[in-house]
Amino acid sequence: MIKAVIFDWSGVLCDDLEAVYSADMAVFEAFGLQKLSIEEYKQVIELPWTEFYRKRGITDFKGIEQVFVKAFSGNKPVGPMPGAVETLQQLDRKGIRMAVLSAKSRQFLQQECRQFGFDRFIGALESRNDKRETVDDLVERLGAERESVLFVGDMVHDVETARHAGIKSVAVLSGYTPREKVLAAKPDYMIEKI
């Protein structure tokens with residue numbers, strides 16, 4: 001029986017692909033890289049984001065963060081994914097504990113969670129470049145046995161994070177990563193949308 005769910009944020013609960021893509025392309029421009037189309041971007045985006053940039057020859061991570069934050073702050077507002085509110089409400093009614101583990105900046109994560117009204121459902125918000133570094137602590141804080149915890153994400157890193165923690169993974173096939181790449185990571189469960 002499921003007692004707790006850990007959600008990824010971007011592409012799962014938050015519809016921010018275009019805003020994140022635009023901010024990442026501002027970073028590409030600032031560091032002299034050729035911009036990608038959004039479809040090309042979805043083929044190569046990966047976490048931890050430091051690896052994504054390292055593979056492109058950029059290791060000035062503070063510089064990346066500065067450009068990204070400025071560009072992201074200037075983007076249009078983002079909103080919840082269709083179905084996210086209803087999903088959180090349903091889980092809350094069933095007494096399921098919920099948390100978010102995201103690579104998104106804590107500043108934006110907290111702001112968006114409050115803005116969407118999700119803070120009334122989410123017991124813990126964690127922001128980490130490499131989610132594997134903190135998932136075990138988050139599972140412990142949820143106070144549930146590992147076999148009763150799900151990690152819901154849309155990227156290969158999310159499936160790997162769940163596996164690292166010994167919890168079940170649920171792959172959302174409508175997020176950042178093309179479905180064939182997420183399915184190749186062999187998640188425990190798959191859903192089309194949140």
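**Sheet order and helix packing**

Helix H8 (residues 156–165) lies across E4, strand E6 (149–153) and strand E7 (168–172), at about 165° to E6. Helices (H or I, at least four residues) and strands (E, at least two) are DSSP runs, numbered from the N terminus; axes are lines fitted to C-alpha atoms, for helices over the stretch in contact, and angles run from 0 to 180 degrees between N-to-C directions. The model is a predicted one, where local features need pLDDT of at least 70 and side-chain atom pairs count only at pLDDT 80 or more, while totals for chains, interfaces and linings use all residues. Residues are numbered from 1 along each chain as its sequence is written, and side-chain values use heavy atoms, with hydrogens and water left out.

As for the sheet, six strands line up as E5-E4-E1-E6-E7-E8, in an open arrangement with parallel pairing (two strands pair if DSSP finds at least two bridges between them). Strand E5 (124–127) and strand E8 (189–191) sit at the edges, each pairing on one side only. From one strand to the next, the twist averages 20°. Strand E1 (residues 4–7) is tied to strand E4 (residues 97–102) by four bridges, and Phe7 has Val100 of E4 as its bridge partner.

Val69, Phe72 and Ser73 of H4 meet Gln107, Phe108 and Glu112 of H6, contact being heavy atoms within 4.5 Å.
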